[in-house]
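Dear colleague,

Please find below the structure that I am handing over to you. My notes on what was found in it follow directly after.

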Amino acid sequence: MKPALIATTLISIFSLMACGEKSAPPPPSPTVEVVSVAQRDVPVYMEWIGSLDGNVNAVIRPQVTGYLIRQNYREGDLVKQGQPLFEIDPRTFEAAVDEAKGQRAQQVARYETASANLARIKPLADLNAVSKKDLDDATGSYLSAKAQLEAAEAALKTAKLNLGFTRITSPVTGIAGIAKAQIGDLLSPSMATELTTVSTVDPVKVYFNISEREYLKVANAAIAAGSKPENVPLELFLVDGSLYPHPGKVAVLNRQVDVSTGTFKVAALFPNPNNLLRPGQYGKVRATMSVDKGAMLVPQRAVTEIQGRYVVAVVGADNKVDIRPVTVGERVGTEWVITKGLQPGEQVIAEGTQKVRPGATVTPKPFAAGAPAEKTAAPATAGKG
């Protein structure tokens with residue numbers, strides 16, 4: 001092939017390649033889901049995990065030794081104060097009462113005889129008809145008989161008490177637990193386990209721990225509102241996520257901080273008219289501290305944490321992306337309060353952040369709230385809403 005022809009052919013090939021490169025379409029802009037920065041009044045609250053317990057938990061134990069012959073309640077039912085729960089074989093204690101009555105009768109007879117003797121000797125002693133020793137002996141016999149009578153009366157009272165202890169009654173009105181003894185068991189005050197426990201559950205008590213920082217925040221908010229920390233209204237969320245309909249209030253704030261955990265132990269009381277709540281359940285206690293007026297909110301999934309800094313991807317009017325640092329506040333449900341860095345109405349990327357870079361052009365579409373969340377936001381801290 002001639003050199004001129006080869007050169008012409010190469011020039012034609014390079015020209016075609018150049019034309020092909022110029023005609024290739026640019027890659028499409030990535031599609032992202034965006035949401036507008038919302039602005040509304042947001043209640044600021046704090047939350048803690050609480051454990052439920054009876055307001056009073058009466059541990060039922062035997063006070064005398066004997067065989068259990070009867071159980072008079074149904075486990076798990078509401079029992080009244082004074083209602084019999086268990087019965088111990090009373091025959092031994094009935095015999096002890098009869099014996100104590102006989103001993104008391106003997107001492108009554110001795111006391112009356114000694115009293116009569118002293119009454120006869122006193123006038124004679126005044127007339128010097130009997131010796132001083134006779135008077136002293138009569139007086140001593142009287143006092144001894146009186147003391148023995150008092151001891152016999154005390155023994156009878158003790159025997160009657162022990163007989164009464166064979167009927168074990170409930171000291172409070174509440175829910176009775178499962179019995180830990182069976183008919184025929186030998187009971188005694190030194191037994192390792194209790195017979196059962198009766199818990200008063202209306203109101204029910206909820207225990208939770210609050211840190212020093214949280215306590216100061218609650219106390220200062222209450223003082224600013226002209227109230228006391230104990231008067232801050234509380235809400236209770238049950239394990240199924242439902243809000244318990246009856247609000248509660250703080251009943252006990254422990255006198256000191258637990259040095260091992262740095263927290264106060266708090267007990268709150270919630271009305272429980274239907275006995276729905278039982279000891280041992282768990283729930284989430286919420287205290288509303290204030291209302292943040294005109295707060296700006298974005299979905300938590302729109303916020304990304306990078307080495308302790310929080311950023312969001314903002315889509316401008318020209319559909320270009322701006323990666324912007326923000327300052328975050330409280331978490332409210334699935335949203336996050338943004339205190340600095342955004343303006344109401346701006347569009348932020350809630351889905352597709354991983355596809356974009358600063359300055360990139362994107363194709364925005366409305367955010368589909370039902371989509372699975374990206375794991376970009378830091379987990380919520382304890383006690384923070």
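I begin with D322, which is partly exposed, as its relative accessible area is 36%. Please bear in mind that this is a predicted model. D322 forms a salt bridge with R324, and the closest N and O atoms of the two lie 3.5 Å apart.

In general, side chains of opposite charge can pair when their charged atoms come close. The count of salt bridges in this structure comes to 12. One of them joins the side chains of D77 and R74, with an N to O distance of 3.0 Å. Here D77 is partly exposed at 27% relative accessible area, whereas R74 is exposed at 61%.

Another salt bridge joins E194 and K180, at 2.8 Å from N to O. This pair links distant parts of the chain, 14 residues apart: E194 lies in the loop between β8 and β9, and K180 in the loop between β7 and β8. E194 counts as buried because its relative accessible area is 15%, under the cut-off of 20%.

On the surface, I49, V239 and Y282 form a nonpolar patch with about 380 Å² of accessible area together. I49 belongs to strand β2, residues 38-60, and is exposed, with 62% relative accessibility.

Finally, please look at helices α2 (residues 91-126) and α3 (residues 132-164), whose axes come within 7 Å and cross at roughly 160°. The two helices are therefore roughly antiparallel. The crossing of α2 past α3 is left-handed.

Yours sincerely

Conventions:
Residues numbered from 1 in each chain as written. Predicted model: local features only at pLDDT ≥ 70, side-chain atom pairs only at ≥ 80, totals over all residues. Heavy atoms only, no water. Patch = residues over 30% accessible without salt bridge, like charges linked within 9 Å, V, L, I, M, F, W, Y side chains within 5 Å. Areas by Shrake-Rupley, 256 points an atom, 1.4 Å probe, with all protein chains shown as cover. Salt bridge = Lys/Arg side-chain N within 4 Å of Asp/Glu carboxyl O. Helix = DSSP H or I, 4+ residues; strand = E, 2+ residues; numbered from the N terminus. Buried < 20%, exposed > 50% of the residue type's maximum accessible area, 1.4 Å probe, protein only. Axes fitted to C-alpha atoms, helices over the stretch in contact; angles between N-to-C directions. Parallel < 35°, antiparallel > 145°, perpendicular 65-115°, else oblique. Left-handed = near helix turned anticlockwise from the far one by under 90°.
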